[in-house]
Amino acid sequence: MLAPKKPIIKIQGLSKEYYTKIVVDNINLEISDSCFAFLGPNGAGKTTIMLMLLGLVKPSNGTPSIFGTNILNSSSKIKRKIGYLPENVGFYPKLTGRKFLKLIISLRNNKLNNNNQIESYLEWSGLEKNYWDKPIKSYSKGMRQRLGMAQAFAGDPKIVFLDEPLSNIDPLGREEFIQKIRKKREEGITIIISSHIILEIEQIADYVAFIDKGKIRASDKISNLAQIHGFNEYEITRINQNNNVTIKDFFEFLSTEKELFSDSPKLLSDKIIFSTNNPEKIFDIISDYPDFNFIPISGTLNKIYKKIIRGELFEKGK
Amino acid sequence: MKKESKAQSFLFYEKHLFFFYMKKNILSVKFIVCSILVFISIFQLFNDYEYRIINSQRELDLSIFWQGFIKPSHIFLILFSAIIAADIVSGEFSNKSAMIIYATESRYKILYIKALSLIITISILALFYFSAFLILFFIKTNLLISIHFYLMGFLIILIELIIYSSLTFAISALTRSITLSFIFPVFYILIDPLLEGFELGLLSINSYTLRVIDFFEFLLFYETIDLNAITIFCMIVFFGVSLLIIPLTSYIFNQQDIRID
């Protein structure tokens, strides 16, 4: 439905009721190998959907399946392929960060449980080295969140669920984690994020589903949603410095394809900004340049969100 | 090569989780404190022990069996086993680690591994109590209880402890509250001896235990078998109730949502 690739997660008629309150209402969704975000206001049902996908909450109706297996009947084998960072992450307070990671890795992947692996995840999380062997009860909220991120990706999971992953992390740390999550995505891990912080999601996710009052209001690739809702401003940024093609070279190359743009592309210090009614063609071009990233201009997702969830009207393209 | 064989080792994940919970139980402050209190209770027991002239090994066995194994264990060991079991499941909900752990492994598997680690921990505590009692008794009096009476005493008390700890385990898993998991079993332990007085003997673990003890006492000390319908029922309940509580708890727990907001 959303992507041509075979879906990794399939949700059919998923509903959840608590007493008489419908929290999730008959959701159908397919998620392929991508970075997929659930966006919506507080209490929209994002976390509940995620918990049903993890098998922690039982659906009232419907089936969530991962890798073609109903998660409710799934064995530990499927669960071991899944990493999860809960919104309110908690640990055994007397355990050290190193020992907690050792436990999680040993539950997910019996081949990776050595000290170097554990240290590489701790280092990746940015947790200060002198805290690795201290009890978790001595950690600050930010440190716990970093350890939470480390355990979610530890043990080589194939899918990682992140529920409000950047809460409790300072602004610089957020930027750092956005890059880290993108890097993990490039390594081939399917990432499912739930958040209400749209600006962060915009930088991480390929696909989004807008959830409100337990229903999916819209779900698609961000660029498709932008096009559908009349937001045709895009930007190209250089995400890797692996080859010699600079942003200026790429700008010069794009400038020759004038028919693709509604108005002339503009070169800023680190990005190219332009309007187009033909984003698919630009996607085709950019797919040959993996060092460059093509996304709707910053703030577009926020506008789409407001339009879909709050029904706010925008002048076309603004 | 070595790594490969490790990767394919049988029940790798389960063994790892089991040793994690075992270590958590044994190295916990409450287990250490309970073990020290058990040791203190044995010294207290010697002070209360009624010394009298013992003419035969049978008399000695009976004396130790009733005064050493059965009577005091009802007070301390049961309470300690409930204390050890109280936060075994609810503790993870209190510190919120449950969300990560139950997302990674099957709930049934985790609960059975926890139950097994709990039973082994309680067995270690009971073994410590029985062994320490025997050794101290031998040092003080140069007398030893017969091995089959020792084993019988140990078995009955151990099963009784498992019943109380599995009940606490069930409360811990189903209420997910450490406070309730402590309060309910302690309250039950306090009212248990009174239940029979109110004609509620069917609900009293103590009354089942006494029936079973009576049966084995007659069998081993007097070599007579007193097997009637009530005794058979009590035996089934006594030996089978834990086998019922743990799977039932796991089943109900598996039906519930795991969500900590």
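**Reading strands, sheets, cores and contacts**

Modeller: Start with a pair of strands: strand S3 (residues 35-39) of chain A runs parallel to strand S8 (residues 190-195) of chain A, joined over 5 bridges. Keep in mind that this is a predicted model: local features need pLDDT of at least 70, side-chain atom pairs count only at pLDDT 80 or more, and totals for chains, interfaces and linings use all residues. Residues are numbered from 1 along each chain as its sequence is written, while chains are lettered from A and ligands numbered from 1 in the order in which they are written.

Colleague: What counts as a strand, and what counts as a pair?

Modeller: Helices (H or I, at least four residues) and strands (E, at least two) are DSSP runs, numbered from the N terminus. Two strands pair if DSSP finds at least two bridges between them. S3(A) also pairs in the parallel sense with strand S9 (residues 207-212) of chain A, over 4 bridges.

Colleague: Which residue of S9(A) is the bridge partner of Phe36(A)?

Modeller: Tyr207(A) is that partner. In S8(A), Phe36(A) stands opposite Ile192(A).

Colleague: Is S3(A) buried or exposed?

Modeller: First the rule. A residue is buried if 20 or more other C-beta atoms lie within 10 Å of its own, exposed if 12 or fewer, and partly exposed in between; C-beta atoms are placed from the backbone. In S3(A), 5 of its 5 residues are buried. Cys35(A), Ala37(A) and Leu39(A) cover one side, and Phe36(A) and Phe38(A) the other.

Colleague: How do I read a nonpolar core?

Modeller: Such a core is a set of buried Ala, Val, Leu, Ile, Met, Phe, Trp, Tyr and Cys residues joined through C-beta atoms within 7 Å. Here the largest one has 146 residues, and Phe161(A), Ala205(A) and Val208(A) have the most contacts inside it. Helix H9 (residues 147-175) of chain B gives the most to this core, 15 residues.

Colleague: What does Phe161(A) touch?

Modeller: Contact means that two C-beta atoms, placed from the backbone, lie within 7 Å. Leaving out residues up to four places away in sequence, the partners of Phe161(A) include Met50(A), Tyr84(A) and Ile192(A).

Colleague: How many residues join the two chains?

Modeller: 25 residues of chain B are in contact with 26 residues of chain A. The chain B side has 11 nonpolar, 6 polar and 8 charged residues. By class, Ala, Val, Leu, Ile, Met, Phe, Trp, Tyr, Cys and Pro count as nonpolar, Asp, Glu, Lys and Arg as charged, and the others, Gly among them, as polar.
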